[in-house]
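Open the structure in your viewer and keep the selection panel to hand. The tour below goes stop by stop, saying what to select and what is there.

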Amino acid sequence: MTRATPESRDRYRLFQPITTRWMDNDQYGHLNNVVYYALFDTVVNRFLIDNGLVDPLGGAMIGLVVNSHCHYFAPLAFPEPIEGGLRVDRIGSSSVTYGIGIFDKDAGIAAAQGGFVHVYVDSATRRPMPLPDPMRAALREIAID
């Protein structure tokens with residue numbers, strides 16, 4: 001197994017500011033590891049909702065996370081301002097692999113990075129459904145080359 005190294009900002013196509021919360025810190029004085037997964041979810045879903053690609057409360061299609069991972073490189077803590085970097089690593093017929101980096105606001109490399117795979121399914125039947133063309137177009141705009 002090769003050791004992961006932190007990626008630079010240029011590996012991500014979109015950045016979103018994130019506000020940390022007091023409760024995000026653990027007893028060691030930094031963001032708890034589970035918080036990073038919540039940040040990943042927030043970065044991806046904010047992109048999807050802001051671009052009108054999913055309606056989590058009433059849409060016909062939802063994304064289910066089927067795989068996730070995270071590598072940690074440097075501690076972050078409340079009240080530091082941070083940013084989430086987002087890119088698309090792969091677009092399948094009904095799935096998308098996202099790459100996400102969490103950065104100290106002024107840092108050039110990720111404090112944590114990882115990603116997850118969304119499989120898009122019919123919200124009623126939970127059966128996979130093909131990604132609609134407008135969604136594919138939006139995802140291609142933040143895809144890596």
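Predicted model: local features only at pLDDT ≥ 70, side-chain atom pairs only at ≥ 80, totals over all residues.

Residues are numbered from 1 along each chain as its sequence is written, and side-chain values use heavy atoms, with hydrogens and water left out.

**Stop 1: the core**

Select L48, Y98, I100, I102, Y120 and M135. Within the largest nonpolar core, which has 31 residues, these six touch the most other members. A nonpolar core here is a set of buried Ala, Val, Leu, Ile, Met, Phe, Trp, Tyr and Cys residues joined through side-chain atoms within 4.5 Å. Buried means under 20% relative accessible area, exposed over 50%, and partly exposed in between, with a 1.4 Å probe and protein chains only.

Next, colour the elements that contribute. At least two residues of this core come from each of α1 (33–50), β2 (61–72), β3 (81–91), β4 (95–104), β5 (112–122) and α2 (133–141). Helix α1 gives the largest share, eight residues. Helices (H or I, at least four residues) and strands (E, at least two) are DSSP runs, numbered from the N terminus. In soluble globular proteins, nonpolar side chains tend to be buried together.

**Stop 2: the salt bridges**

The structure holds six salt bridges, each being a side-chain nitrogen of Lys or Arg within 4 Å of a carboxyl oxygen of Asp or Glu. Side chains of opposite charge can pair when their charged atoms come close.

Select R9 and E83. Their closest N and O atoms are 2.8 Å apart in a salt bridge. This pair links distant parts of the chain, with R9 in the segment before β1 (14–19) and E83 in strand β3, 74 residues apart. R9 is partly exposed at 21% relative accessible area, whereas E83 is buried at 18%.

Now select E7, R11, R87 and D89, which are linked in a network of salt bridges. In the R11 and E7 pair, the closest N and O atoms are 3.8 Å apart. R11 is partly exposed, with a relative accessible area of 34%, and E7 is buried, at 18%.

D50 is exposed at 56% relative accessibility, while R46 is partly exposed at 36%.

**Stop 3: the backbone**

Select F78 and P79 and show the backbone atoms. The peptide bond from F78 to P79 is cis, with omega near 10 degrees. P79 sits in the loop between β2 and β3.

Then move to R126, in the loop between β5 and α2. R126 is not a glycine, yet has a positive phi of about 65 degrees. Its relative accessibility of 45% makes R126 partly exposed. Most residues other than glycine have a negative phi, and most peptide bonds are trans.

**Stop 4: a residue in α2**

Finish at E141, in helix α2. Is E141 buried or exposed? E141 is exposed, with a relative accessible area of 67%.
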